[in-house]
Amino acid sequence: MLSRNPLVLIGLLMIIGYVLVSLVSPSIIPRDPMKQDVSNRLKPPSADFSFGTDELGRDIFSRVLVGSRITIPAGVVVVVIGSALGTLVGAVAGYVGGVWDEIIMRVTELFMAFPTIILAMAVTAALGPDIRNAILALVVVWWPSYARLIRGLVLDVKSKEFVEGARSVGAPDFYILFRTVLPNCLSPVVVLATLDIGNAILTFAGLSFLGLGPDPSSPEWGRMVSIGIDFFDQWWMWLYPGMAIALLVMAFNFIGDGVRDILDPRLRK
Amino acid sequence: MPFYLYFLRRLLFVIPTLIGITAAAFFIANAIPSDPINTNLPQSALNNPEMIAAFRERWGLDKPPVERYFTYLSNLVQGDLGTSIKTHKPVADDIRRFLPATAELATYGTLFGIAIGVGFGIISAVWRNSFPDYLVRILSLIGVSFPVFLLALLALQVFYVNLGITAGPGRLGVKLDDPPAVTGWFTVDALLAGQFSVLGDALSHIILPSIILGLYSSGIIARITRSSLLEVLGADYIRTARAKGLSERLVVGRHALRNALIPVVTVIGLSYGNLLSGAVLTESIFAWPGIGRYMFRASTSQDFPAIMGVSILIAAIYVGVNFIVDILYYFLDPRIRLA
Amino acid sequence: MRGSFLRKLPALLLALVLALLISTTAFAQDEKVLVIGHAESTDSLDPARGYTQTTGIVLKATYQTLVTFPAADASSIEPELAESWTVSEDGLTYTFMLSADAAFADGHPVTADDVVFSINRLKAIKGNPAFLADGIASVSAVDASTVAITLTAASPSFLSLLPNSAFSVVDSEAVKANGGTDGEDDAAEAYLNGTSAGSGAYILESWEPQVETVLVRNAAYKGAAPHFDRIIIQNIPEPATQKTALEAGDIGLALDLTSDQISALKGNADIAIASGPANIIHFLLMNRDESIGGPVSNPQVAQAIRYALDYEGYKALWGGVAPGTNLAVGLAGAFGEDKAIQRDLDKAKALLAEAGYPDGFEITLDYPDFSFQGVNMNTNAQKIQADLAEVGIVVTLNPGDLGTALDGYRNGTQGFAYWFWGPDKLDPEDFLAFLPGGKVASDRTKWLAEGADQSLLDLIAQAKGELDPAKRIDLYGQLQVIAQESGAFAPFNQPDIQTAFAATLKGYVWHPQWLLDLALLSE
């Protein structure tokens, strides 16, 4: 896979880079990302300030680095909670079947009927804008597609011989579902969830851009872009945080492309 | 299964989904913790219990939620979505006013997405695993990785500010009057009225946002076109056609493409529904007076009748599109007919 | 089928190109149009209800008042609808003789009945600007062209109130015909939001909230005819977009540019710039009701916050001055920078400790997500957050939609908030709004007259009634000292006004009352 598609390797390296930066950023940033200095405001990129300074004289380079500690975890949390919740719901629906399956899947479809950002906007409108609510809103939007996926996989695995075997020796349903069925469904979910982080980050940044996420002074990338628009001429205010999002999402998409090639049976000849 | 039975069965699924959507929208909107009275009554009225009671009665706030939900539902059936707290107009009127702008944008966006997506998909499939394929795939991967707001800013900076070849934000130059409303689509209305200067101006305004909106669907359209075309190109009848000595251009253009496009059509239908709603960010940067911007303003001002109205509308559109796709599948997929 | 489409494609493309060509050449420009880019704050265009800066600009253009100010300042009272007036000896009754010239847009003359109806309507509706008429006991028509206004108490600043847009004289017949009354059941707001019923130089053609306000020339206007046939106030909330639109020539006047943008435009020969001192004060509001304000309801905490703000920093951002109090610098007796509070973090920390918050506290700051005349409130809010962090106060920012936040502010439900204020009255008396019994203090901050120091209340009453200018200024000085020590507000900046416009535009004058008189603009 790596040798056939160099993009996968590039994407992987980029993600490792991002994760490393987010881990060590507090000790490598040249300046305090929250420190204001109005005498040094709106300075273009220079040797002193690699990415320039913002409207309150804060160092954009430091802010972009530290911003990775907000956006990446937010994307991961959304996908982890969303996929866990979806897995649970989907597994129960698929395993129990019958009326319960029908009811659960109707509810799932209901949530899928609302477009991501519209539902997330409605949820943040109800709860008030802050970072936790933005993540919560995205989880509400995120779980249904996993529920649908897992349900299909569970239905498939349920009819396999080893499940029948477990059932015939009298193993309890709970045991069968969690020890026999689910472990055999999880690998595609884990792969998909990993690639989905890019999407989650993009949507989170969108919410945050609309002002439905963190505080305006937060170094979150989407927020920085939305503040930067007020200072359109000072392109460095919006371009660098925007590129930070774009490159990260690109890394996930590069890997996703390679994985999709492998998963798509029509192309595997 | 005969068609009428299949049709009725799918329809039966649609109705509870629609009811569920209204319930979900209603209860999310009503989870708003703050009292709408504080944000929606003037100071002089806050000290007046009669006016507070009148406000509560008018919005049904004095009744239990379940009862309010059924009131809402019965009004909804009559086409009454309530009155927007923010614009003081019926939500249904607001939607009628803002939806055409979004539909126009989404349609142009989809057309652009199809042009780019199908074109790139064909290039990718025909020159599979060679330089053009890689170039197209990398370009589309990069394209869909950019946050829409960043692309919009870059496009405005380059094409409007630096080059000055397109118009800036908005739907029409401020000095022009809207064309006489027939469809609510400025480009179509201007054409119908023969106002070519308005048409030109409207086109110059719609081009940037629609391209940016279309880029996102072009990525998935290109991918599906590629894989579906590759599958078809491997099929027996194509090999036969090639064996007959038909030119590659004829093989791809006449035989393969037509069959490969069936799954692409499905994707286009679904992505059109997504564009209708995904326009929120694009509309906010391009000051496009559409449904996305309306929804955004409603959500920042806790205008719950508007939030509910738009959510329900868009979810209903999505369900409708899905229903149509399901029906189309009956004809496309023989397995359903035999089941 | 695909083939036939392809054959038609060249023709379609040609049509498109033609359409584009025509669009760039065929602007029929026989009428003179001005497009203004502005971050609209209009709440209503009904003179008895609307009370924001944009409302003031539009009402100034579409209505007239009994008396007015000179074009550029508020140094004297000049006739407008009234050609002359007399004051009774006790100072309680003002009699205005209407000019025979003034006429509404349909040509019929402005009569005493219209004036009486307008003022009674303002009082009855109890809208946001109604407080301006609080001192009026009654108004009556002596004859068709004479109006008498009786006050509840003699007021030296009464005439300077009348140029306020709230006293716009409406066409009583037209308003009544559209549901208007001078009682509580008035229903003419929708009508007045759609068209104006006044005698000003312009007529409101349409107002589409958050989109545009369109004014057309009033053919029946009796004053000097304005230059532009049509003025469009386009809502462009983002200063950056206003600047781009101005540079591209899409708008002729940008009202809300930031000081950075103004300096970037200075080399551009096509663009002219007007800047100078203005009278808008940006301030923090700290609710005295503990259940709403929490820690900031404590006067010592309010005092600490005043010492914690970095006044020089806000000046570096927006220019202007650091005002001494909420009495705008430029009005008689106002405390300027020499008497303003200086930042003193040690003092702030000591005051916090004394108030029982040695380690500070957490609080939410409400403010509108808005740029007003180029001052980006988000930027200031972030600076406030950083300033207060230095004394241990952890501020969470809560930017809101302007309309929603404005309602919360006017209803007094905000505990700790950031707002701006332009004087209602161009007189020191304006300051009373920020003292117990005044509009902002009592209604929005719950700093009430009940429970306030009797000596303070006496001082306020004294200042209100004092007629001798020197003594008045001394009394307002005493009140300002009290506000600096124990007030519920922390004013931190009075920015300069910054306006940029096409170099061909003439006649731009900033006015302290109505900001901009559209009728004076020409090219």
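**Figure 1. Around B:L281, where chain B meets chain A.** In this predicted model, B:L281 touches A:G206 and A:F209 as well as B:V148 and B:F149, leaving aside residues up to four places away in sequence. You will find B:L281 in helix 12 of chain B. It counts as buried because it has 24 C-beta neighbours inside 10 Å, and 20 or more are needed for that label. For a sense of scale, look across to B:T166: B:L281 and B:T166 are 115 residues apart along the chain, and their C-alpha atoms are separated by 20 Å.

Figure 2. Chain B as a whole has 15 helices and zero strands, and 45% of its 339 residues count as buried. Among contacts in chain B with a separation of 6 or more, 72% join residues 24 or more positions apart.

**Figure 3. Helix 6 against helix 7 in chain B.** Here helix 6 (residues 91–126) packs with helix 7 of chain B at an angle of about 145 degrees, and their axes are 7 Å apart. The crossing of these two helices is left-handed. Helix 6 of chain B brings B:F120, B:I123 and B:S124 to the contact, while helix 7 of chain B brings B:P132, B:D133, B:V136, B:R137 and B:S140. By class, that makes four nonpolar, two polar and two charged residues.

Figure 4. C:D401 sits in the loop between strand 17 (394–400) and helix 14 (402–410) of chain C. Is C:D401 buried or exposed? C:D401 counts as buried, because 22 C-beta neighbours lie inside 10 Å. Setting aside residues up to four places away in sequence, C:D401 touches B:R297, B:T300 and B:S301 from chain B, together with C:D369 from chain C.

**Figure 5. The seven-stranded sheet of chain C.** This open sheet of chain C runs in the order 8-9-10-1-11-20-12, with mixed pairing. Strand 8 (202–208) and strand 12 (271–277) of chain C stand at the edges with a single partner strand each, so one side of each has no neighbour in the sheet. Strand 1 (residues 33–38) and strand 10 (residues 230–235) of chain C pair in the parallel sense over six bridges. Within that pair, C:L34 stands opposite C:I231. Helix 2 (residues 53–62) of chain C packs on the sheet and touches strand 1, strand 8 and strand 9 (212–217), its direction making about 145 degrees with that of strand 8.

**Figure 6. Two domains of chain C.** Domain 1 of chain C covers 11–253 + 499–520, and domain 2 covers 281–494. Their centres, taken over C-alpha atoms, are separated by 31 Å. The contact takes 17 residues from domain 1 of chain C and 15 residues from domain 2 of chain C. On the domain 1 side, nine of these are nonpolar, seven polar and one charged.

Definitions and conventions:
Residues numbered from 1 in each chain as written. Chains lettered and ligands numbered in written order. Predicted model: local features only at pLDDT ≥ 70, side-chain atom pairs only at ≥ 80, totals over all residues. Helix = DSSP H or I, 4+ residues; strand = E, 2+ residues; numbered from the N terminus. Buried ≥ 20, exposed ≤ 12 C-beta atoms within 10 Å, placed from the backbone. Contact = placed C-beta atoms within 7 Å. Axes fitted to C-alpha atoms, helices over the stretch in contact; angles between N-to-C directions. Left-handed = near helix turned anticlockwise from the far one by under 90°. Nonpolar A, V, L, I, M, F, W, Y, C, P; charged D, E, K, R; others polar. Domains from an automatic or database assignment. Pairing = 2+ DSSP bridges.
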